Structure formats: structure tokens, C-alpha cells
Amino acid sequence: MSKGRILVTGGTGYIGSHTTVELINSGYDVVIIDNLSNSNREVLEGIKSITGIMPDFVEADCTDLDALTGLFEKYPGIKGIINFAASKAVGESMQKPVLYYRNNLNTLMNLLDIMPDYGVKGLVFSSSCTVYGEPDVNPVTEKSPIKKATSPYGNTKQISEEIITDVINAGAPFKSIILRYFNPVGAHPSAEIGELPNGVPQNLIPYLTQTAIGIRKELSVFGNDYDTPDGSCIRDFINVVDLAKAHVIAIERMLNDKSDAPIEIFNLGTGKGLSVLQLIDAFERATEVKVPHKIVGRRSGDIEKVWADPSYANEVLGWKAETPIEDTMVSAWNWQKKLRERGIM
Ligand code: NAD
Ligand code: WQD
């Protein structure tokens, strides 16, 4: 028997598709809304080939309140929402701030508006370690200071957290869990779904796997003069399937009235900082494929080092990132090879 219906916004995207798989595997019915601005319909086939179930899909924009209302009428009984739908490219947000504020904030506000009308009990929101900026102390806990955002994208995450807090404090008839992701990487072990960047990747792993397969000549490592053991930046790279599983736990916590407070915030990371050079090394060891790379100057705006203290999520949610980085690298590589087989890249 179904555990109930969950709406996943941005569900054909990278993290949304992996989460949809975990929700279906845990017995939920999933309705996806996505405007396909950064994903495509074939992802639905990937989800079906892993789970045996094709999720319901509505191609629409979450900033369109009428479209959302139509969805809630067509699919009654939605118990929870996981809101992934957002524009997420930090660099692009510097060029097109209005697009970012409008898309990310209007999407959230429409959802908050409509939830009480349809009796939705919980909202999971995708936030980011970007809210911590360059932390004074690592690892960062949920109580670490929030630093002034350095991009409109980052600012949408800070403002979104504040909007949700205000709405909950105003007595909203639902709960919310905010999840601050560190650096999600890798793909589903089946290689049926993964990350599909548009154009030249800005993020490390897609650039690395595209270099390994020969699409890009060389990976540029942005800086080896940071105050870190090998001079390259340090991040907390978290496996996307591990990350997806936390969303199922978060939804269940709210639907089963297990939350300790109407709004809760959790860091989702491994707790281990890995440098860019260490990550390249892990990829090469795990796949036995060399990644041509060279050291270049720093990328403007980069944080030197940030990694999570995930102990609050470990204890309270009973969730832990478990996948070894080598397995995550193999999954990213298998996904890149699958894209090649399909003639996509
Ligand atoms: P993604 O771009 O792969 O997925 C987002 C999906 O939302 C896409 O399929 C896109 O088409 C859709 N979308 C965007 N605006 C929409 C709208 N108005 N209406 C309907 N659909 C819309 O991104 P992702 O990496 O899966 O990220 C998911 C969420 O997690 C985002 O909110 C992102 O900001 C957040 N996040 C991502 C990372 C990361 O490194 N990937 C880190 C921290 C937080
Ligand atoms: C990781 C490291 C680069 C590419 C971004 C967003 C953040 C969050 C996660 C959404 C850095 C280095 C990268 C390359 C490199 N997203 N690098 N060569 O910048 O940590 O975080 O994604 O919320 O908000 O800012 O991720 O993958 O771009 O970079 O050397 O070609 O890899 O300098 O140190 P980042 P990233």
C-alpha cells in the first residue's frame, strides 16, 4: 500500500531524480513538477528503469500559481512537498540576478501559499552550505554564523530560509525541514540517472569526468596556494544517493509528527573535508583512468575550505553519509560513460 503522495518540484533535475527514486523505493507515490529548464523528460525513463514505476509528471513552472493549483486539483491528497526547483548556477546569478530572485523566491512563495489550501503537512527545502560563506571555523555546525551572501544565488537561499521561518513562526499549519547540502556528487549506481550539466560545466566533477572521457582537454585546478595541506581548496563531497535518502527521512519525520520543532535545519555532508587534488587522486585510483590537469590561478569568489559537522543530522535523523568517495567516483564515471553510449556527450 502507498505511504501517500509527495510532490517533488524540480524532480527531473539532478538531486530531485535521485530523491524520487528513493521515495518510490520507500513506498511513496510521487508527482513531479518541472519546467525542464535544466533537465529533460528522459530522466523519467531512468527513474522507471530503476524503480519499475513511472512517476506522475507535470511539465509546468512553479512560479505559475494557476498551474500549481491545477496540479493539486488533479492529484489530490499530496501530503508533503520537496522543493528542489530553483536556478542554481552561481556565476549566472551574477549576470541575471532578477531571474534568480524571481524563479527561486516566487517558486517558494507559491508553494507556501498553496500548502494550507490543500492540507499539505510538510515542506523540505533545498538549501546550501553557501549560506556559511567562508567559515571562521571548520567543520561548520547549523549554529555557525550565516555570512553575507556573495552571489544572488546564495542570497536566494538565505532569503528562502528566512521566508520559511517567518511563515512557520506566523503559525502555518505545516512543518518544514531545511537541508543544507554541501557538495553533492556522483550518480545512481545503476548509471540510469545522474547529473546533466548544460554547456561547459562549472562544477568540478562534471568537468573532471568530461576531461577523463576526452570531451575536455584538461581540467584546470583553481589554485594551489590556499592555506590547506596541498594548497588546493577543501570541500565536503557528498554522494547524491546518500543525500537523497535524507529527504525521505525528513518527509517521514514531518508526516509522522516526529519533528522536535515546526522548523528544523540540518547540515548534509560527510564530515570529511577533501581537497580538489585529493578528489582527482581518488577518481584516478578508483577508476584507473587518468585525468589530465594543470594548476591555474584561483577562481574568483571561491571559498578556501568548508566541510560539515553532520552530527546533528546523524543523531536526530538517524542518517549518515556512508558511500566511500571511491565508489562515488566510479558512479560518476559510469554515468559519464553511459552518456557517451547514448550519444548525449
Ligand atoms: P538541477 O538544476 O539539476 O534541478 C533543478 C530542477 O528544477 C531542474 O530540473 C529544473 O528544470 C527545475 N526548475 C527550475 N526552476 C523551475 C521552476 N520555476 N518550475 C519548475 N521547475 C523548475 O539542480 P540540482 O543540483 O538538482 O539542485 C536541486 C536543488 O538543490 C536546488 O534548489 C539547488 O539550489 C539546491 N542545491 C544544489 C546543490 C548542488 O551542488 N547541486 C548544492 C546545494 C543546494
Ligand atoms: C569545487 C572546488 C573549485 C571546477 C558550488 C556552489 C555552492 C553549491 C555547490 C549550490 C572549488 C574547484 C572547480 C574546475 C576546479 N551549490 N574547481 N576546477 O564552488 O564548492 O560550490 O556548488 O548551492 O553554492 O558555489 O563547487 O564544484 O564549482 O567547485 O579546480 O574546473 O573545485 O575551485 O575549489 P563549489 P564546484
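Author: Let's start with Arg285, which is partly exposed at a relative accessible area of 48%. Bear in mind that this is a predicted model. The partner of Arg285 is Asp281: the two form a salt bridge, and their closest N and O atoms are 3.1 Å apart. Asp281 is partly exposed too, with a relative accessible area of 37%. Both residues sit in helix H9, which runs over residues 276–287, and they are four residues apart, or about one turn of the helix.

Next comes Glu284, which pairs with Lys290 in a salt bridge where the closest N and O atoms are 3.6 Å apart. Here the two ends fall into opposite classes. Lys290 has a relative accessibility of 65%, so it counts as exposed, the cut-off being over 50%. Glu284 has 14%, and because buried means under 20%, it goes into that class.

Then there's Arg299, whose side chain meets that of Asp302 in a salt bridge, 3.1 Å from N to O. Arg299 is partly exposed, with a relative accessible area of 34%. Elsewhere, Lys121, Lys175 and Asp257 are joined into one network by salt bridges that share partners. If you'd like the total, a search of the whole structure turns up 20 salt bridges.

Now for the ligand. Ligand 1 has 27 residues around it, and the closest are Asp34, Asn38, Ser39, Asn103 and Tyr153. The side chain of Asp34 brings an N or O atom to 2.6 Å from an oxygen atom of the ligand. The side chain of Tyr153 likewise has an N or O atom 2.6 Å from a ligand oxygen. With Ser37 it's the backbone that takes part, placing an N or O atom 3.0 Å from an oxygen of ligand 1. On its own the ligand would expose 820 Å², and the protein buries 94% of that. Helices H1 (14–25), H5 (97–114) and H6 (152–169), together with strand E5 (122–128), are the elements that give two or more residues to the shell. E5 provides the largest share, three residues. Sorted by type, the shell has twelve polar residues, eleven nonpolar and four charged.

Definitions and conventions. Residues numbered from 1 in each chain as written. Chains lettered and ligands numbered in written order. Predicted model: local features only at pLDDT ≥ 70, side-chain atom pairs only at ≥ 80, totals over all residues. Heavy atoms only, no water. Near = heavy atom within 4 Å. Polar contact = N/O pair within 3.5 Å; in protein donor to acceptor, adjacent residues only side chain to side chain. Areas by Shrake-Rupley, 256 points an atom, 1.4 Å probe, with all protein chains shown as cover. Nonpolar A, V, L, I, M, F, W, Y, C, P; charged D, E, K, R; others polar. Salt bridge = Lys/Arg side-chain N within 4 Å of Asp/Glu carboxyl O. Buried < 20%, exposed > 50% of the residue type's maximum accessible area, 1.4 Å probe, protein only.
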